[in-house]
Amino acid sequence: MSSVMSGNPAVVMRLVASAYAVAEKAGAIVRKVLHSGELGIVEKTGANDLQTLADRLAQQSICASLSKRFPKLTIIGEEELPAEEVNEDLIENGQAEEILQKTCPAEYSDLKEEELVVWVDPLDGTKEYTEASRCLYLPAEAQTPLTGSDASLPLSALWLLDNVTVLIGIAYGGRAIAGVINQPFYNYQLGPGANLGRTIWGMPGLGAFGFQLQEVPDERRIITTTRSHSNKTVMDCVDAMEPHEVIRVGGAGNKIIQLIEGKASAYVFASPGCKKWDTCAPEAILHTVGGKLTDMHGNAYCYDANVKHMNSAGVLATLRNHQYYTSRVPQSVLQALK
């Protein structure tokens, strides 16, 4: 009898169900901080590596909520935060009931809490988030104040908000086995009164949910790549793919969403910079729908608790035809990313 049929969902299903609710809570925090206009921005390693109040509060919420329910879990978050008591109103105790109802893939049904590693990026696309905020609030007298999640936003800032995601990836045995992505500002195009935000999730062997899978038309190569971390190696690699079109956007989570929704055929980033918390959740969802995420050499990344955080050999992700893209990576790029 499966654990679901016996009325006791498998640990990993309970974890995904919690991660879904926790990601939604984090998305609401991200919206609330933006709408307050008080982002509390600090530079970590430079102007392209920022942290905001939303990063800090969202990570506290995610880590404290999951730790409370799953105390033996290993959780690795992007932000280095001081150990402190987390405000009770940041704790999310809910679980997505529809996930608890699903049957766990047999290979994951007996996994224990202590065998799982959770990689958390509380706000992927922080740079775009801060830029959107500047568009929204400067000059202040020219802007309509934002109130609530249905506030209307100036057109110049809108596209940046889609770059922002909350990422919660679950790994076992070094592999990404489940992922949850919340897109806090999804639906902004609908204007005032819109219900903002959506949550996408997936688990190989079970399915992917919360979006409509689409593919770029055959024979069309659309490359999505970095908006703010480009250099000659990155662009040489993109050019070697012979793309028909290149899209430059922020956020690793956002780029994987572009792949699964048919807006891009490959995510190419031939540079260190991306970290495990950027790729774990998106990789699990991409794998679920038949896609692939590797380094530029075509090797899989490992998500064990003790691995280095940097994806130092770059990121290459595709929904289809991964072999074509790995075969086009220039030798000079492979040498640079050993």
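T224 itself has its place in strand β9, which spans residues 222–226. The model described here is predicted. Its protein chain contains ten helices and 13 strands, and 56% of its 338 residues count as buried. Of the contacts in the protein chain with a separation of 6 or more, 74% are between residues 24 or more positions apart.

**Nonpolar cores**

- The largest nonpolar core comprises 56 residues, and V12, V30, L116, Y129, I168 and I170 have the most contacts inside it.
- Helix α1, residues 11–36, gives the most to this core, contributing 15 residues.
- A second, separate core contains 53 residues, among them A176, I260, F269 and L337.
- In soluble globular proteins, nonpolar side chains tend to be buried together.
- Beyond its neighbours within four places in sequence, V30 is in contact with A54, A58, P122, L123, Y129, V164, V166, P184 and F185.

**Packing of α1 and α2**

- Helix α1 packs with helix α2 (residues 53–69) at an angle of about 160°, and their axes are 9 Å apart.
- Because angles over 145 degrees count as roughly antiparallel, α1 is roughly antiparallel to α2.
- The crossing of these two helices, α1 and α2, is right-handed.
- On the α1 side, the residues that meet α2 are L15, S18, A19, V22, K25, A26, I29, V30 and V33.
- On the α2 side, their counterparts are L53, A54, L57, A58, S61, I62, S65, L66 and R69.
- Sorted by class, the contact of α1 with α2 has 13 nonpolar, three polar and two charged residues.

**Packing of α7 and α8**

- The axes of helix α7 (residues 252–260) and helix α8 (residues 276–288) come within 9 Å and cross at roughly 15°.
- Since angles under 35 degrees count as roughly parallel, α7 is roughly parallel to α8.
- Helix α7 passes α8 in a right-handed crossing.
- In this pair, A252, G253, I256, L259 and I260 of α7 meet D278, P282, I285 and L286 of α8.
- The residues of the contact of α7 with α8 comprise seven nonpolar, one polar and one charged.

**Buried positions in strands**

- T224, in strand β9, counts as buried because its relative accessibility is 0%.
- Setting aside neighbours within four places in sequence, T224 is in contact with I247, V249, K255, Q258, A264, A266, Y267 and V268.
- A178 has its place in strand β6, and A178 likewise counts as buried because its relative accessibility is 0%.
- With neighbours within four places in sequence left aside, the contacts of A178 are V16, I168, G169, I170, G202, M203 and A284.
- The C-alpha atoms of A178 and L206 are 9.6 Å apart in space, while the two residues are 28 residues apart in sequence.

- E128 lies in helix α4, which covers residues 126–137.
- E128 is buried because its relative accessible area, 4%, is under 20%.
- Apart from neighbours within four places in sequence, E128 is in contact with L160, N163, R227, S228, G250 and G251.
- A distance of 8.9 Å separates the C-alpha atoms of E128 and D162, which are 34 residues apart along the chain.

**Asparagines with positive phi**

- Most residues other than glycine have a negative phi.
- N187 is not a glycine, yet N187 has a positive phi of about 90°.
- The loop that holds N187 is between β6 (175–183) and β7 (198–203).
- N187 counts as partly exposed because its relative accessibility is 21%, and the cut-off for buried is under 20%.
- N321 is likewise not a glycine, and its phi is positive at about 60°.
- N321 is found in the loop between β13 (315–318) and α9 (322–328).
- At 59% relative accessibility, N321 counts as exposed, because the cut-off for that class is over 50%.

Notes: Residues numbered from 1 in each chain as written. Predicted model: local features only at pLDDT ≥ 70, side-chain atom pairs only at ≥ 80, totals over all residues. Heavy atoms only, no water. Core = buried A, V, L, I, M, F, W, Y, C linked by side-chain atoms within 4.5 Å. Buried < 20%, exposed > 50% of the residue type's maximum accessible area, 1.4 Å probe, protein only. Helix = DSSP H or I, 4+ residues; strand = E, 2+ residues; numbered from the N terminus. Contact = heavy atoms within 4.5 Å. Axes fitted to C-alpha atoms, helices over the stretch in contact; angles between N-to-C directions. Parallel < 35°, antiparallel > 145°, perpendicular 65-115°, else oblique. Left-handed = near helix turned anticlockwise from the far one by under 90°. Nonpolar A, V, L, I, M, F, W, Y, C, P; charged D, E, K, R; others polar.
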